[in-house]
Amino acid sequence: QVQLVESGGGLVQAGGSLRLSCAASGRTFSRNAMAWFRQAPGKEREFVAAINWSGTSTYYADSVKGRFTISRDNAENTVYLQMNSLKPEDTAVYSCAADAATLRVGLSGSGSRYNYWGQGTQVTVSS
C-alpha cells in the first residue's frame, strides 16, 4: 500500500520557520516528480511547490517564491519543504503529492498531475 505521510507542521509566529517532511512508503518515488499543496479553511486547494525526480528542477507559486524551498532525498524516499519568513496567510493544511509517471519532463502546479496524496499536516502562523 502506497502511503505519503507528512510531518513537521505546528504553530509558529509570523517571521518564523518550519520544515515539513513527506515520507513515502509502499513504493519508491525516486523517478517521480513530487509537490506540496495547501488548503486553508474555506478556500480551494493551492499549489505551493514542485520538484522533479532528480531534484535538479523546482517550481514555486508566486506567493511563496523566495521564502519556501522544496528539496528531496531519494535515498530516504522523502521530500521536504523548508518554510521561512512565514506569514499568517500561510496558515493551511499542507499536503504532499506524487506523480505516478516516471522521468516526466516539466513540472506542473495542477493537482490533476498528481496521483498519490498524503493526509496533510497543519501549519498555523500567528500574527
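**Ground rules**

I number residues from 1 along each chain as its sequence is written. Because the model is predicted, I take local features only at pLDDT of at least 70 and side-chain atom pairs only at pLDDT 80 or more, while totals for chains, interfaces and linings use all residues, and side-chain values rest on heavy atoms, without hydrogens and water.

**Entry 1: the open sheet**

I looked up the strand order first. Strands here are DSSP runs of E, at least two residues long, numbered from the N terminus. I call two strands paired if DSSP finds at least two bridges between them. An open sheet of four strands runs β1-β3-β8-β7, and its pairing is antiparallel. Which strands form the edges? They are β1 (3-7) and β7 (68-73), each pairing on one side only. From one strand to the next, the twist averages 15 degrees. For that angle, axes are lines fitted to C-alpha atoms, and angles run from 0 to 180 degrees between N-to-C directions.

Next I went through the bridges. Five of them link β1 with β3 (residues 18-25), in the antiparallel sense. There, valine 5 faces alanine 23 of β3. Between β3 and β8 I find six bridges, again antiparallel. Serine 21 has tyrosine 80 of β8 as its bridge partner.

**Entry 2: threonine 78**

Threonine 78 sits in β8 (residues 78-83). Is it buried or exposed? Threonine 78 is buried, at 10% relative accessible area. My cut-offs are under 20% for buried and over 50% for exposed, with partly exposed in between (1.4 Å probe, protein chains only). Its side chain reaches the backbone oxygen of glutamate 76 at 2.9 Å. I count a polar contact when two N or O atoms lie within 3.5 Å; within protein, one must be able to donate a hydrogen and the other to accept it, and residues adjacent in sequence count only if both atoms are side-chain atoms.

I then listed contacts, meaning heavy atoms within 4.5 Å. Leaving out residues up to four places away in sequence, threonine 78 touches Ser21, Cys22, Ala23, Arg72 and Asp73.

**Entry 3: the disulfide**

How many disulfides does the whole structure hold? A search finds one. The criterion is a pair of cysteine sulfur atoms within 2.5 Å. Cysteine 22 and cysteine 96 form it, with their sulfur atoms 1.9 Å apart. The link is right-handed, with 50 degrees about the S-S bond. Cysteine 22 belongs to β3 and cysteine 96 to β9, so the pair ties together parts 74 residues apart in sequence.

I checked burial at both ends. Cysteine 22 is buried at 0% relative accessibility. Cysteine 96 is also buried, with a relative accessible area of 0%.

Beyond four places in sequence, cysteine 22 contacts Leu4, Val5, Glu6, Met34, Trp36, Asn77, Thr78, Val79 and Cys96. I also took one C-alpha distance: cysteine 22 and serine 71, 49 residues apart along the chain, are separated by 11 Å.

**Entry 4: the strands around β9**

I followed β9 to its partners. Seven antiparallel bridges join it to β4. Alanine 35 has alanine 97 in β9 as its bridge partner. β9 and β11 also pair antiparallel, over three bridges, and alanine 92 stands opposite valine 123 in β11. Two further antiparallel bridges join β9 to β10 (residues 116-117). In that pairing, alanine 98 faces tyrosine 116.

**Entry 5: the largest nonpolar core**

By nonpolar core I mean a set of buried Ala, Val, Leu, Ile, Met, Phe, Trp, Tyr and Cys residues joined through side-chain atoms within 4.5 Å. The largest has 34 residues, and Trp36, Leu81, Met83 and Tyr94 touch the most other members. Elements giving two or more residues to this core are β3, β4 (32-39), β5 (46-51), β7, β8, β9 (92-102) and β11 (121-126).

I looked at leucine 81 in particular. Setting aside neighbours within four places in sequence, its contacts are Leu18, Arg19, Leu20, Trp36, Val48, Ala49, Phe68, Thr69, Ile70 and Tyr94.
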